[in-house]
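Have a look at it first, then read the points in order.

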Amino acid sequence: MGGMSDTISPHKLLTLRVVVGLLALYHLTVGLFCALSPEVMVELGERFYGLHIVGAKTAMFVYMLKALGMYAVFTGGMLTIACYRPLKARSVYALAAVLLLMRAFTRLAFFDLAHEAFQVSWGHNLFNVALLVGQALVLGWGYRLLAEARGVERPFSLNPKALASNSQRLSPFGDPPER
């Protein structure tokens with residue numbers, strides 16, 4: 001980690017790693033169940049997500065669930081790397097936050113479809129949206145925290161001085177004339 005503990009408080013780093021570790025564990029577990037035992041995943045979906053899946057034993061559904069499981073395993077693997085090497089995998093935090101926000105948006109925008117397919121309730125859906133957005137906010141906070149630890153000037157900001165210094169540095173014509 002080399003010096004990271006000097007710039008990030010241990011409490012903040014632990015919070016970040018716990019959230020990312022739990023997300024990694026969730027994605028790895030769900031992904032492996034989807035890929036290796038779709039029948040068990042269907043039962044867990046009914047029990048924990050309130051889903052009522054009609055046609056869960058069709059070849060098409062099982063195949064799609066297995067493929068979805070591979071994406072979840074991949075995501076869990078990336079999050080595991082981000083948990084163990086936060087500064088080296090800082091961009092994973094931003095990408096995972098975007099993925100979680102896209103999932104939250106999908107749950108809201110396509111609720112009618114999800115309700116028709118799985119009979120999921122609006123309340124259960126909103127709970128999951130809040131959970132996804134909360135996780136994304138923590139990952140976004142982690143991204144900023146790690147950027148500051150690396151000395152990156154205010155990521156995700158429209159700081160005029162930072163923008164001006166970057167545009168001057170990137171200019172093919174050298175420094176602008178003094179005013």
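1. Helix H4 runs over residues 59-84, where helices are DSSP runs (H or I, at least four residues) numbered from the N terminus. Its 26 residues, at 1.5 Å a residue, should span 38 Å, and the end C-alpha atoms are 38 Å apart, which agrees; the expected span is 1.5 Å times one less than the number of residues.

2. This is a predicted model, in which local features need pLDDT of at least 70 and side-chain atom pairs count only at pLDDT 80 or more, while totals for chains, interfaces and linings use all residues. Residues are numbered from 1 along each chain as its sequence is written, and side-chain values use heavy atoms, leaving out hydrogens and water.

3. Which helices do the buried residues of H4 pack against? They pack against H2 (10-36), H3 (38-49), H5 (90-109) and H6 (111-118). Among the buried residues are Phe 61, Leu 65, Gly 69 and Leu 79; buried means under 20% relative accessible area, exposed over 50%, and partly exposed in between (1.4 Å probe, protein chains only).

4. Cys 83 of H4 is buried too, with a relative accessible area of 14%, and Cys 34 is buried at 5%. The structure holds zero disulfides (pairs of cysteine sulfur atoms within 2.5 Å).

5. Please look at Asn 125 in helix H7, which counts as buried at 1% relative accessibility. A polar atom of its side chain lies 3.0 Å from the backbone oxygen of Arg 107.

6. Gln 119, in the loop between H6 and H7, has a positive phi near 55° although this residue is not glycine. At 34% relative accessibility, Gln 119 counts as partly exposed.

Technical notes. Helices (H or I, at least four residues) and strands (E, at least two) are DSSP runs, numbered from the N terminus. Contact means heavy atoms within 4.5 Å. A polar contact is a pair of N or O atoms within 3.5 Å; within protein, one must be able to donate a hydrogen and the other to accept it, and residues adjacent in sequence count only if both atoms are side-chain atoms.
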